[in-house]
Amino acid sequence: MKGLIIKDLMFLRKNAKVLRGGFIGIIILGVLMFLSYKYGNIHRWNLEAIAEGTATLEMQEGIYRFVFICFLVVPLMVAAEPVMHLDFDGKAGFSKVSSVLPIPVWKRVAAKYISYIFYVSATLLVDIVIAVVASRLVDFLPATDLIGTLITCTSFIVMAGALTIFFVFCFGYSNVMNLSMLAVLLLSGFFILINWKTVKEFFTIIFSDGSAEYNFSFFSGLGNSIVDKSWIMMVAAIIVFIMSYIGAVIIAYRKRGII
Amino acid sequence: MDEIKNVIEIKSVTKDYEGFKLDNISFSVPMGSVCGFIGQNGAGKTTTIKAILDAINIDSGDIWVFGQNTKKDSYKMHDDIGVVFDEMGFHEFMTGKDINIMMKNIFKNWDEKAFFEYMERFSLPIKKPCGEFSRGMRMKLQIAVALSHDAKLLIMDEPTSGLDPIVRNEMLQIFREFVVDENHTILLSSHITSDLEKIADEVVFINGGKILLSGNKDEILEKHGLLKCKKDELKEISESLIVSYENEAYGVSILVNDRAACGKLYPGMVLEPASLEEIMLFYVNKVMAESKKNK
């Protein structure tokens with residue numbers, strides 16, 4: 001099993017340039033945003049809004065906190081990229097090779113899931129560094145909140161990845177990208193349904209005309225909600241991950257290990 | 001393992017796909033031999049190999065490899081089997097070094113030194129991604145991997161197809177060296193019969209999912225012969241001796257299944273040894289003629 005995980009990590013090494021580039025880009029963007037918030041245009045707009053009485057400092061902090069939470073998700077999105085290693089497996093015909101290795105099927109399936117966890121962990125590590133630095137620089141971004149956000153986002157990514165691997169085992173390697181999109185859409189659809197009220201409110205504010213008042217406190221509340229529900233997301237991720245693995249093992253045995 | 005006579009034993013194996021059926025096939029591969037698995041494209045060679053490797057569910061029958069039924073924990077036997085496919089299967093970005101790192105963490109008997117020696121012998125660059133290798137190099141890489149974990153059985157599915165004669169010859173030489181050890185066995189599927197004629201001890205002919213003929217290659221070549229005669233002489237030949245015949249410009253070419261008896265019975269006719277390819281073609285003709293008759 002170790003050999004298979006190493007093979008997958010070699011893929012990560014091959015894509016290191018892309019990942020590094022992505023992370024550096026995000027860090028540069030973060031620094032620019034921070035400078036603008038502290039000394040630049042964002043800072044000026046904030047002061048003007050407070051002077052005009054259209055927003056309070058608390059409201060502004062709420063919305064920036066929400067923006068930063070969204071911003072934190074971006075590095076984690078990079079974790080979706082290694083789902084491509086499944087695509088590479090398919091293109092190379094590696095399933096043929098792996099089917100004749102002296103490794104039981106359940107371990108071969110486990111290798112795919114463990115590799116994915118490694119990918120997510122790598123991006124999570126970068127995100128934790130960003131979160132810690134941000135919480136030191138900005139008062140209204142407490143580290144605990146950021147960690148809560150990271151748990152929520154990581155849980156979503158883990159669920160999406162686990163579902164993608166399961167779908168690939170079910171439907172084959174020919175459409176990895178589409179299956180990955182299907183997993184994300186299914187999960188998003190599920191979370192939209194269970195948070196329908198909040199989502200409706202969110203889009204009402206986003207698409208409201210000029211006469212409607214912007215409810216800044218809503219974004220602050222949404223940020224809090226993401227943080228508060230982190231433990232539920234983590235439990236959900238663990239359950240989905242385990243269920244997906246069990247399902248994938250059953251499928252793999254049915255396919256005589258050609259996975 | 002020393003007590004095992006046949007490394008592979010296949011008994012009454014059936015696998016029914018839509019449009020193709022592996023039909024009650026049985027044969028065995030003796031230890032220390034090179035078994036040529038001959039058949040045209042789509043004859044069922046790859047399906048049989050997949051069944052041996054437990055990569056497909058068979059509908060009925062049994063397969064034993066090293067005396068162990070493949071239905072039970074087949075992955076354990078893969079430590080002793082080197083497999084070479086018609087396509088490489090490794091990721092194109094992987095180098096020889098990468099493959100070595102991966103494999104030494106998979107096979108308990110992986111011999112790093114042997115692997116790099118094979119890489120050097122086959123003139124394969126260890127730092128070059130294998131996606132940049134030619135077809136011949138890719139096959140050699142697979143063989144290097146298959147030979148570097150102390151495999152007792154090599155199973156190869158069309159390893160020489162699409163390769164030039166020089167590379168093919170080089171590969172056959174490697175296979176010969178492998179079977180110098182009498183505990184080593186090869187099952188080599190190919191439709192290039194000339195390769196098998198050079199190296200095989202045993203041959204198994206498969207066509208349309210059925211085994212047409214199997215046994216010792218020399219015995220098969222010894223027994224069969226090509227009898228050349230005029231068209232009107234055909235009816236004089238005993239039907240029990242004829243496998244099938246082919247009309248030619250100046251007469252008939254008949255594949256006979258008992259060359260010695262033919263020589264005695266028809267001394268005036270030209271009787272030539274038949275090659276494996278000719279034997280395969282005439283047997284396939286026979287099957288086609290019979291199926292036409294049945295329709």
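**Figure 1. The interface of chain A and chain B.** The area buried between chain A and chain B is about 2,300 Å², with 69% of it from carbon and sulfur atoms. Buried area is the accessible area (1.4 Å probe) that two parts lose on being put together, summed over both. This is a predicted model: local features need pLDDT of at least 70, side-chain atom pairs count only at pLDDT 80 or more, and totals for chains, interfaces and linings use all residues. Residues are numbered from 1 along each chain as its sequence is written, chains are lettered from A and ligands numbered from 1 in the order in which they are written, and side-chain values use heavy atoms, with hydrogens and water left out. Chain A puts 27 residues into the contact and chain B 24 residues; contact means heavy atoms within 4.5 Å.

**Figure 2. The salt bridge between the chains.** Chain A and chain B share one salt bridge. Lys96(A) pairs with Asp86(B). Their closest N and O atoms are 3.2 Å apart. The criterion is a side-chain nitrogen of Lys or Arg within 4 Å of a carboxyl oxygen of Asp or Glu.

**Figure 3. Helix 7 and helix 8 of chain A.** Helix 7 (residues 105-137) and helix 8 (residues 143-171) of chain A cross at roughly 160°, their axes coming within 10 Å. Helices are DSSP runs (H or I, at least four residues), numbered from the N terminus. Axes are lines fitted to C-alpha atoms over the stretch in contact, and angles run from 0 to 180 degrees between N-to-C directions. The two helices of chain A are therefore roughly antiparallel (angles over 145 degrees). Residues of this contact divide into 18 nonpolar, three polar and two charged. Ala, Val, Leu, Ile, Met, Phe, Trp, Tyr, Cys and Pro count as nonpolar, Asp, Glu, Lys and Arg as charged, and the others, Gly among them, as polar.

**Figure 4. Helix 3 and helix 4 of chain B.** Helix 3 (residues 112-121) and helix 4 (residues 135-147) of chain B pack at about 155°, axes 9 Å apart. That makes the pair roughly antiparallel. Phe115(B), Tyr118(B) and Met119(B) of helix 3 touch Leu141(B), Ala144(B), Val145(B) and Leu147(B) of helix 4. The contact has seven nonpolar residues, no polar and no charged.

**Figure 5. Helix 2 and helix 3 of chain B.** Helix 2 (residues 96-104) of chain B packs on helix 3 of chain B at an angle of about 155°, with axes 11 Å apart. Gly96(B), Ile99(B), Asn100(B) and Lys104(B) meet Glu112(B), Phe115(B), Phe116(B) and Met119(B). Four of the contact residues are nonpolar, two polar and two charged.

Technical notes: Angles under 35 degrees count as roughly parallel, over 145 as roughly antiparallel, 65 to 115 as roughly perpendicular and the rest as oblique.
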